[in-house]
Amino acid sequence: KVTIKSIERELICPACKELFTHPLILPCQHNVCHKCVKEILFAFEDSFADGGSESSNQSSPRIKISSSSMDRIDRISRSGTKRNSLTPRSSLFPCPGCQRDIDLGERGINGLFRNFALETIVERYRQAARAAIAVMCDFCKPPPQESTKSCIDCSASYCNECFKIHHPWGTVKAQHEYIGPTTNFRPKILMCPEHEMERVTMYCELCRRPVCHLCKLGGCHANHRVTTMSTAYKTLKENLSNDIEYLISKESQVKAHITQLDLLLKETECNSERAKEAAYHSFEKLFHVLEEKKSAALRAIEASKNLRLEKLQTQAEEYQGLLENNGLVGYAQEVLKEADPSCFVQTAKQLHVRIQKATESLKNFKPAAETTFENFVVDVAKQEEILDDLSFYSNGLGIPEINEEKSRIYNKALISWECPGKTDSADIYVLEYRKLNREEESLTWQEIKVYSKSKVISDLDDDSSYAFRVRGCKGSICSPWSQEVILRTPPAPVFSFLFDDECGYNSEHLLLNPRRTSVESRAGFPLLLASERMQAGCYTTLDYIIGDTGIAKGKHFWAFRVEAYSYLVKVGVVSSNKIQKLFHNTHDVTSPRYEQDSGHDSGSEDAFFDSSQPFTLVTLGMKKFFIPTTPTDPEDSASRILPLPSCLGICLDCDKGKVEFYDAGCMKCLYECEVDCSGIMYPAFALMGGAAVHLEEAVTAKYGEYHNDI
């Protein structure tokens, strides 16, 4: 027979760590007190409003949410999982039992069942725990009498006299069902929380919960497999009984496992003490090495100090002797009093040499020793970095690798990584990055803790290189750092725009996607008809398209991708006062070599044709990047044809009147030239034949977030 006292562990709420009070069954099949569910949801909602989880638990002294649950609440709130008011509300609940985020659906708490069976067991436990504490009558005049029975229909307890008064013979109340004294009342019939007027008659095998016939007909369980309640009751009870009988039959095996676990507990204690002792000795060795280095450094500084003090003291005494009536000068003054020439000459010659040396030393004064100890500065930067990486090493954690194909820097930095060849066993990742600066090579690493395998980093400086590295951690064990990856930020703030589908847009030749971020030239039937008018020396019309937003001042950068199959694409900028000339340019129809007004066939006008255009463009096509020629540069076709980068960028500096063309993958400048920025400047593109251009999408940024100077 089961002793109620022995199952206390199963009757404790994982949130408040107290006996269950009106427990609710979550979709994950764990039980939580009704009050605890509400408090956790309130804390969850407050985490969105307050921007964190630090203050969300202060107003609920009863609830004891674990730090891991609060970390998940804070993580979900930062990730923006909360839905807006226009979408069906779906309550996310961090289950304290399984540590997972459970979706409670649109009805939230109202869609959960009370676990009446668990309530009954808890009530029996409470009665066994308080033993002599009686349930008092709810209707007696003070002082109340001890109750003898409780009415299930009235949900109240009565003494014998009060029960007779409130349940007289011959009335409907006389038919009420009563039980022994209790404070736990449960309904006779379990009603559906989705349809409050319907009783549950079926059991959903997929959701593992009772449902009514309306849930099956048109509710969320319409396509789920259900069985009758009697069948589910019989099946589940039989399975549970069989499993219990199996466990009871394996009692000797369970006891053997318990004995083994007791031994493992003791072994764990012993091994942990050994690990502590080993770690202690390891750090003691480091302390001993540091103490020796410290003593040696201090001794060297002290020896150098004494030597310098001795030299400076000697020099000071020598200069003290140069004073009148003192030292060398005083001795020389006494020698000058000698009247005998032979005696004077005998002494004065050597004395004169000393006086000359003193005079020369006075003219070129230099301290005998340096006062600074710059050569004795201990450089511990590398050692600090090594000590910072000091941690327990484990073969179970793989070394992450930053995926350079998925990682990119545009308006923000997106860093992605993975653990190849090994299962992901890390609980958290630590991402570090630092700016690479030639002047300040010792810039410290900035650390970010990440729960996923990617991270978006904002507020990076323009035109700068950054190094990134990552490692995985599980508890106090960390993997080694990944190999550093260096990425460079754009030379200017990112400028966001879309293709303009109105100004000069030729819908017969160009095709825009619905988001207006990609444009494709259609070399179809219209181009075939235009070929009838083509003669020798003529080429077809370029189809132009510009950005829908212009730039008035400042320095800005944007990037795009040109499909490898593109035959001819021109990219650059155009001024607002020359847009009309751009879309009505007669030079796009016939080459000037064969114009009637040209008068010659030298082809010299073709060489610098771009200089007469109302815009600044470079030519791309056939997987090549063509650097334009200028009158000062020789026309060397081999040196001005480069491979087409996978992603190109344009940097426009309106203040300096300069435009630069970049390989956006490595942020290397391929070509730059001057441009007239007297008007509002627009990004410009021209396509001919089969070609396509795709604007680079911002990293987690919304279109329309522009700078104030645009």
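The legends below describe close-up views of a predicted model.

**View 1. The chain as a whole.** The secondary structure of this predicted chain comes to 13 helices and 33 strands. Of its 710 residues, 35% count as buried. Among contacts between residues at least 6 apart in sequence, 62% join residues that lie at least 24 apart.

View 2. The strands follow the order β10-β9-β11, and their pairing is antiparallel. Because β10 (209–211) and β11 (226–228) stand at the edges with a single partner strand each, one side of each is left without a neighbour in the sheet. Neighbouring strands of this sheet are turned against each other by 35 degrees on average, direction ignored. Helix α6 (residues 229–249) packs on the sheet and touches β9, β10 and β11, while its direction makes about 90 degrees with that of β11. Strand β9 (residues 202–204) is joined to β10 over 3 bridges in the antiparallel sense, and Cys204 has Arg209 of β10 as its bridge partner.

**View 3. An open sheet of seven strands.** Here the order is β21-β22-β33-β24-β29-β30-β31, again with antiparallel pairing. The edge strands, β21 (510–512) and β31 (668–674), each pair on one side only. From one strand to the next, the twist averages 20 degrees. At one end of this order, strand β30 (residues 658–663) and β31 pair in the antiparallel sense over 6 bridges, and the bridge partner of Lys658 is Glu674 in β31.

**View 4. The loop that holds Arg516.** Arg516 lies in the loop between β21 and β22 (518–521). Although Arg516 is not a glycine, its phi is positive, at about 60 degrees. With a relative accessibility of 22%, Arg516 counts as partly exposed, because the buried class takes in residues under 20% relative accessible area.

**View 5. The largest nonpolar core and the surroundings of Leu620.** This core has 47 residues, of which Trp558, Phe560, Leu620 and Leu652 touch the most other members. Strand β24 (residues 555–562) gives the most to the core, with 5 residues. Leaving aside neighbours within four places in sequence, the contacts of Leu620 include Phe560, Val562, Tyr567, Leu644 and Leu648. Apart from this core lies another, of 24 residues, among them Cys36, Val37, Leu112 and Leu118.

**View 6. Thr619 and its polar contact with Lys570.** Thr619 has its place in strand β26 (residues 615–621). Its relative accessible area is 18%, and Thr619 is therefore buried. The side chain of Thr619 makes a polar contact with the side chain of Lys570, at 2.7 Å. Beyond the neighbours within four places in sequence, Thr619 is also in contact with residues including Leu568, Val569, Lys624, Phe625 and Phe626.

**View 7. Strand β25, covered along its length.** Strand β25 (residues 568–575) is mostly covered, and 8 of its 8 residues are buried. In a regular strand the side chains alternate between the two faces of the sheet. In β25, Leu568, Lys570, Gly572 and Val574 point one way, whereas Val569, Val571, Val573 and Ser575 point the other way, and all are buried. The strand runs antiparallel to strand β32 (residues 681–688), to which 8 bridges join it; within β32, Tyr682 is the bridge partner of Val574.

**View 8. Helix α7 and its buried residues.** Helix α7 (residues 251–320) has 70 residues and reaches 101 Å from its first C-alpha to its last, close to the 104 Å expected at 1.5 Å a residue. The buried residues of this helix are Ser304, Arg308, Gln315 and Tyr319. What covers these buried residues includes α9 (341–363). An α-helix has 3.6 residues a turn, so residues three or four places apart point the same way.

**View 9. Backbone details in two further loops.** Pro142 and Pro143 are joined by a cis peptide bond, with omega about -5 degrees; Pro143 lies in the loop between α3 (116–130) and β6 (149–151). Gln29 lies in the loop between β1 (23–25) and β2 (31–33), and although Gln29 is not a glycine, it has a positive phi of about 75 degrees. At 33% relative accessibility, Gln29 counts as partly exposed.

Technical notes. Residues are numbered from 1 along each chain as its sequence is written. This is a predicted model: local features need pLDDT of at least 70, side-chain atom pairs count only at pLDDT 80 or more; totals for chains, interfaces and linings use all residues. Side-chain values use heavy atoms; hydrogens and water are left out. Two strands pair if DSSP finds at least two bridges between them. Helices (H or I, at least four residues) and strands (E, at least two) are DSSP runs, numbered from the N terminus. Axes are lines fitted to C-alpha atoms, for helices over the stretch in contact, and angles run from 0 to 180 degrees between N-to-C directions. Contact means heavy atoms within 4.5 Å. Buried means under 20% relative accessible area, exposed over 50%, partly exposed in between (1.4 Å probe, protein chains only). A polar contact is a pair of N or O atoms within 3.5 Å; within protein, one must be able to donate a hydrogen and the other to accept it, and residues adjacent in sequence count only if both atoms are side-chain atoms. A nonpolar core is a set of buried Ala, Val, Leu, Ile, Met, Phe, Trp, Tyr and Cys residues joined through side-chain atoms within 4.5 Å. The expected span of a helix is 1.5 Å times one less than its number of residues.
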